[in-house]
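My entries follow in the order in which I made them.

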Amino acid sequence: MSKQLALVIDLNVCVGCHACVTSCKEWNTSGEAGFLSDDNPYARDPTGTFFNRVQTFEVGEFPNTQTVHFPKSCLHCEDPPCVPVCPTGASYKRAEDGIVLVDYDKCIGCKYCAWACPYGAREIDEHQKVMKKCTLCVDRIYDELLPPADRQPACVMACPTSARLFGDVHDPESAVSKVIRDSGGYALMPEWGTHPANHYLPRRKTEITLHRDELERVDNPLKIDGKLPKPDVRSPSLDDSTTW
Amino acid sequence: MRPAFSVIFLTTLIGAGQGLFIALYVAELGAALGAWSMPPRLYFALGCVLSLSLLGAGLAASFFHLGRPERAWRSAAMWRNSWLSREVIALPAFMAAVAAFGLTHYVRGAGDLSLALGAAGLLLALLLFICTGMIYACIQFLQEWHTPLTVINYTLFGCASGFLLGTAWAAAQAPVLVAASALWTAAFTLAALVTRLASLARNARLKPKSTLQTAIGVKHPRIAQKSEGFMGGSFNTREFFHARSFAWLRAVKWGFLLLVFPLPLVLLAAGAALVSWPVLATAFALQYLGLLAERWFFFAQAKHPQNLYYQAIS
Amino acid sequence: MCACRCGIRVHLRGGEVRYIDGNPGHPLNQGVICAKGSSGIMKQYSPARLTKPLMRKPGSARGDNQFVEVSWDETFRMLQERLAKIRSTDPKKFALFTGRDQMQALTGLFARQFGTPNYAAHGGFCSVNMAAGMIYTLGGSFWEFGGPDLERAKLFVMIGTAEDHHSNPLKIAISKFKRSGGRFISVNPVRTGYSAIADEWVPIKPGTDGALLLALTHEIIHTGLYDREFLARYTNAGYLIDLDPNSEMHGLPVHDSGRHEDIPEYPRNMLWWDRLSEQPAPCHAPEADPYLLGEFTLADGTPVKPAFQLLLERVKDYTPEWAEGITGISAATIRRLAHEMGVTARDQKIELPIAWTDSWGTEHDKVTGNPVAFHAMRGLAAHSNGFQTIRALAILMSILGTIDRPGGFRHKAPFPRGIPPLAKTPKGPEGVRPDTPLAGLALGWPGTPDDLFIDADNQPVRIDKAFSWEYPLSVHGLMHNVITNAWRGDPYRIDMLMIFMANMAWNSSMNTMEVRRMLNDKDESGEYKIPFIVVCDAFQSEMTAFADLILPDTTYLERHDVMSMLDRPISEFDGPVDAVRVPVLPPTGQCKPFQEVLIELAGRLKFPAFVNADGSRKYRDYPDFIINYETEPGSGIGFLAGWRGKGGEKFMQGEPNPRQWEMYARNNCVFQLKLPPSYQYMRNWNKGYHEWAQRSRLRRYADPIVIQIYSEVLQKFRMAAQGRGPAKRRPPAHLAKRIATYFDPLPFYYEPLEAQITDAHKYPLNAITQRPMAMYHSWDSQNAWLRQIHAHNYLFVNPALARAHGIDDGGWIWVESMWGKVRCMARYSEAVEPGTVWTWNAIGKAAGAWNLAPGANEAELGFLLNHLISDELPHPSPAVRAAGGEGSPGEQRISNSDPVTGQAGWYDVRVRIYAAGADEAEQSWPQVAAVAALPGMDRARKTWLAFVAGKKK
């Protein structure tokens, strides 16, 4: 099976800091994708093109509430519904590494691919008028001028909690494949058969189980200082009332 | 979905253009089969011009949909898998057939050639209906669209409005056709009413396959979004939301149901009885307005699963 | 950029910033970077940049935002003239207050050399309770000076932490901690950021953390889950406290008069009651073991108890059931948390095969750790009961035996310091003399009332009343009171206020609207009550409009900076680390680094430390200063510890190295010294470490730093208030009760001061702010990318609470406190305790500020919670309250701050909420008149932006 590069996003450690959001914007606005424009940058309702966003959801009711920070970018589906609908072939999935890309020179900006993406992963650049999306930093990961450690998507490099793992999900021995297997990695909206390459790792809860005997130990320091409650030897006991 | 006006105009205009052409072809076919006398050649030639105008206007409208219209030519490339690409091929092919049909009538009058060209045109018109409809119907997760009814509705609405225009055109150019044409129009309109009501009923009962639970992969009955990750809007909030109230949506629905079906049918009956092209043209205009509303509603009613990710800001 | 000071790599293309990423070779962030760092481009090229020195237009009123350009020559001439005059007459009339700058060593030196006591950074309104509460207890504190050792911890408890702080290192650590199977408990009224990924969220009512911590302590002591050996050896738990009610030393540890005291500041001759010999014994005698509990009578008849016995008695009634009613956390949960902490600390001990010697000469063949780690910040600190709450936290951490041990709390150099640290202010007004440097530091660590900075009439010497009887341990000053005090002339008027990087006319002030009025207020003669205001900042803010002179600062990409051991370095647990920034871009326009302004002025004003013997200027510029400045001539201690000595061969101490900057630049701009493992732990009492620290001149003494379970310093103040004890000074009568109450040597819980005077029925809710991770303080709304993430703010309300008040999700509401009200939008949230409402801090902006369009979200929809918060409370003494004072007729007031430290009580405000009327404007309230862009700023705001590096040229 050929390579399928992807991100694995660990919701168990994502704190919602948006580092991946702006590092992505920063890398890509001067990158191969061309500028990522921002409208009203200093006025009402600033809005711009981003490849990646971090959203927040609340699960459950107080006090049993989970706050879930949820980064979302193109999932690089194995069966991407956005690709076959493209009339020009600008949208394509690379055979060699499975990255779904847009050829900005071919794109006519018809937005049909965005309609055909259930995840809302594509955004048209309002000024370049072509469709844009996460490229997995294709202009970083193969750049031999960069040190090998830097040949990773900008968001992965930035993420302070390393909640973003990058690798080949088709290689069963890769770190990402292992973590998907071991930590219950799942895909978004599996109902559409898109087989997203990106996976998410769920929240996992660590708990401590305490046994009663752990609170009653012989080495209790209160004994040393003589302060464990001891009954008065003169208080009534069975010795006072029974002869057997 | 946010209704895209360029696409609303594109689909309604070419639908009418296709329907009108089919009406013209049926007129020739009927005459050839002896059902009625052959209408005058200008009826066909100018009728084709009318059809081409609608198709051309639709095509022009479609360019407004494109971010990069100067690259529109590229869009024919992917006919093997993209219904949009197929539409992009089918539309000019059909327009060529209409032009050839009209030109043949103009130059040579009705005959085998025009019949043959008309048959080809009919085939292309149907293909075009399928292409156009399938653009929407093929997106499986837009459940409101993902049904054969989408293609059927596009076809029947196109035929109804085209035949209605054809009836008005006949009243002006070939009164002999008015009665038959009115019947065809009524038949298409009523059929469209049935299929559209069917699709409305279907959509009302649809249960969205995607939920917040599948969208973020958390299995809990209570999930509420608090932040989209931005606050001033984005392509995702602009493109996929109609931002209208439920009441507005209902008004549009009843509006189009009224404008597309009963009103034109009444005017059709009156216009046909009076053989009055202005009455019939009014009927067409009203119905066309209704079709704009119908198409607007078609978009607005479609709930894109991506909207699950764009429910609240903070 | 921000105070976390991560290492970054800035990549340029065509002279423009192409990309900023984390420096993988930097110990702090190890290559990662946050949202703010990644948006550095938009900060650098923001249209809100100030680019020219500006002077208030002659004839225009302050606050009108009318400015004219002025040259740097003229600027310096003006400043020199004014400052020279102040310095030669009354230096305290110059006040220098800075925000979250990273050059406090230099700004402090400048103020000290000038001779003014009126200097502080923003610590007083940020987190001084954390610093003081912990340093007066443990000799170290969270964040720059210490933190949780998450690499080895098994249980991590986070209480009230600002999420933009210590951001990347903490994120890295929490992530690793969770992945290695650690259990993470978050105690917070709100579940955002870090709390979101906690294994357990324990919602708590704001301001009640002290009750929780004391109840945990109760439970841990009463179940015997404390680390007895640790308490006995390394804390003053076993010290015998004099309980003779008639003694002048009542409440102080009994000193063994027979033993010699080698260090007067830190006596070591206390007594234990030895368990083995059943008699008094010198403390820490290797062969003795003290009773921690019990009561004893000394040979002279003095009744005594071990300090720990007093703690036990103190927490006796602080039961989990008692705390449940206050905190809103069930008693069962409190018990369980206590058991989890205690059992984890006891049963999951870490033993590292590291030999070390303690300060009393005992050799140990291992370092033991109890793997329970804590972290806390402003959630505890920003309450007027925060100091005692944080004392309670430090004591909880201590009884669990987690201090400077693996898996617990670990110090970072130059901490730990003696308790209290030696740095002191002058003790009276005689320390402030014309044309003379201040006779002490502007900020210090009082050890007794005699260390206060007051005059013979008990009046404060400092404008902010720091180190006065009102806030004796205000070790970071009270910047939040400077403007109010200067305006009122209480204790006196000043001539010039210089503000660096602080937005006092907006989010950095409580009572914002009044402060804005005070900044503009004039006296009867038509003179401004604060005659001259200088603002230095890189960006236009709400504050710049109130300046008489604006100095355009450079950004962090345009200047040299040092993260110095003399200030707040970036040390790691295993040793000292300091760092530099070197400029990658030329200054924008006429921007000048503030450091250069200070060096220039210091030279012109001929400060002794800045001129040669012949009066000529000593330092060419800031880089030159950094290389050549020594704390004392020939001391070998300078701002940077790395690559000292002629050839860069020395560390920590050594003569100036002319190539020091280059050497830093070649080494990732970082100097990191890893101590040998035997010096990495137990540093309060680690003989080897102390000797090393003394040799490196980190500390004067090498004495042990004994944890103050029972605080002698607090007791000394209390005794002064009771009219006895060793200190000569006594508080004025109207403050005696306050001192006696709050300077309790053992932690206790009291309701925050504001809550004590609030009608809880009328204002039943707590209102707090949280810091969004994608913004640092208030500084990022000028950033085109970051402001898309937080364009405006909502008030988060628990849905049950909101529905009870008829408030819709997204609806407009009023939030009202005793002091003011704001109109804003509500957002339902299940992640907030129902008695609390909260919002993101400082997203709301004044119209037009930061060069945003007047109709921008920040101004129209965003709001500032500060409008609800008062900077002052009615004076606690009815007599004084009635006496009145200037500007506040009929009612004398006192800062809304912790009575011990002067920490601003940001989170004490109580509010009520109600839906706004349907006919009201859908706009936040209050609004202020829009300010326009200043000369030198980009006045034509771009309607859209397409940044591609290197394309402009």
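This is a predicted model: local features need pLDDT of at least 70, side-chain atom pairs count only at pLDDT 80 or more; totals for chains, interfaces and linings use all residues.

**Entry: H9 and H13 of chain C**

H9(C) covers residues 209-222 and H13(C) covers residues 331-347. Their axes lie 9 Å apart, and the packing angle is about 60 degrees. The two helices are therefore oblique to each other.

Next I asked which residues of H9(C) meet H13(C). I found C:Leu212, C:Ala215, C:Leu216, C:Glu219 and C:Ile220. From H13(C) they meet C:Ile334, C:Arg335, C:Leu337, C:Ala338, C:Met341 and C:Gly342. I sorted the contact of H9(C) with H13(C) by class: 8 nonpolar, 1 polar and 2 charged residues.

**Entry: H6 and H15 of chain C**

I went on to H6(C), residues 128-138, and H15(C), residues 386-399. Their axes are 8 Å apart, at an angle of about 45 degrees. That angle makes H6(C) oblique to H15(C). The crossing of H6(C) and H15(C) is right-handed.

I listed the residues in contact. H6(C) brings C:Asn129, C:Met130, C:Ala132, C:Gly133, C:Met134, C:Thr137 and C:Leu138. H15(C) brings C:Gly386, C:Phe387, C:Ile390, C:Arg391, C:Ala394 and C:Ile395. By class, I noted 8 nonpolar, 4 polar and 1 charged in the contact of H6(C) with H15(C).

**Entry: H6 and H10 of chain B**

I then turned to chain B. H6(B) spans residues 178-205 and H10(B) spans residues 262-274. Their axes come within 10 Å and cross at roughly 170 degrees. What does that make H6(B) relative to H10(B), in terms of direction? Angles over 145 degrees count as roughly antiparallel, so H6(B) is roughly antiparallel to H10(B).

On H6(B), I found B:Val178, B:Ala179, B:Ala182, B:Thr185, B:Ala186 and B:Thr189 in the contact. H10(B) supplies B:Pro264, B:Leu265, B:Leu268 and B:Ala272. The contact of H6(B) with H10(B) has 8 nonpolar and 2 polar residues, and no charged ones.

**Entry: a sheet in chain C**

I traced an open sheet of 7 strands in chain C. Its order is S4-S3-S24-S23-S22-S5-S6, and the pairing is mixed. Which strands are at the edges? They are S4 (67-69) and S6 (119-120) of chain C, each of which pairs on one side only.

I checked the S6(C) end. S5(C), residues 94-98, pairs with S6(C) in the parallel sense over 2 bridges. There C:Leu96 stands opposite C:Tyr119 in S6(C). I also found H4(C), residues 104-114, packing on the sheet. H4(C) touches S5, S6 and S22 (496-500) of chain C. The direction of H4(C) makes about 175 degrees with that of S5(C).

**Entry: a hairpin in chain C**

I looked up S12(C), residues 271-274, and S13(C), residues 279-282. They pair in the antiparallel sense over 4 bridges. C:Leu271 stands opposite C:Pro282 in S13(C). This hairpin has 4 residues between the strands. I noted that C:Glu278 takes a positive phi near 55 degrees in it.

**Entry: domains of chain C**

The domain assignment gives four entries for chain C. Domain 1 is 1-47 + 938-953, and domain 2 is 54-127 + 432-552. Domain 3 is 130-417, and domain 4 is 760-869 + 905-915. The contact takes 12 residues from domain 1 and 11 residues from domain 4. On the domain 1 side, H1 (35-38) and H2 (40-44) of chain C each supply at least two residues. That side divides into 6 nonpolar, 2 polar and 4 charged residues.

**Entry: where the chains meet**

How many residues of chain A are in contact with chain C? I read 58 from chain A, against 76 residues of chain C. H1(A) gives the largest share of the chain A side, 8 residues. By class, that side has 25 nonpolar, 20 polar and 13 charged residues.

S2(A) is joined by 2 bridges to S36(C), residues 944-945, and the two run antiparallel. A:Asp38 stands opposite C:Leu945 in S36(C).

Last, I checked chain B against chain C. The contact takes 6 residues from chain B and 9 residues from chain C. The chain B side has 2 nonpolar, 3 polar and 1 charged residues.

How values were computed
Residues are numbered from 1 along each chain as its sequence is written. Chains are lettered from A and ligands numbered from 1 in the order in which they are written. Two residues are in contact if their C-beta atoms, placed from the backbone, lie within 7 Å. Ala, Val, Leu, Ile, Met, Phe, Trp, Tyr, Cys and Pro count as nonpolar, Asp, Glu, Lys and Arg as charged, and the others, Gly among them, as polar. Two strands pair if DSSP finds at least two bridges between them. Domain bounds come from an automatic or database domain assignment. Axes are lines fitted to C-alpha atoms, for helices over the stretch in contact, and angles run from 0 to 180 degrees between N-to-C directions. Angles under 35 degrees count as roughly parallel, over 145 as roughly antiparallel, 65 to 115 as roughly perpendicular and the rest as oblique. A crossing is left-handed if the near helix is turned anticlockwise from the far one by less than a right angle, and right-handed if clockwise.
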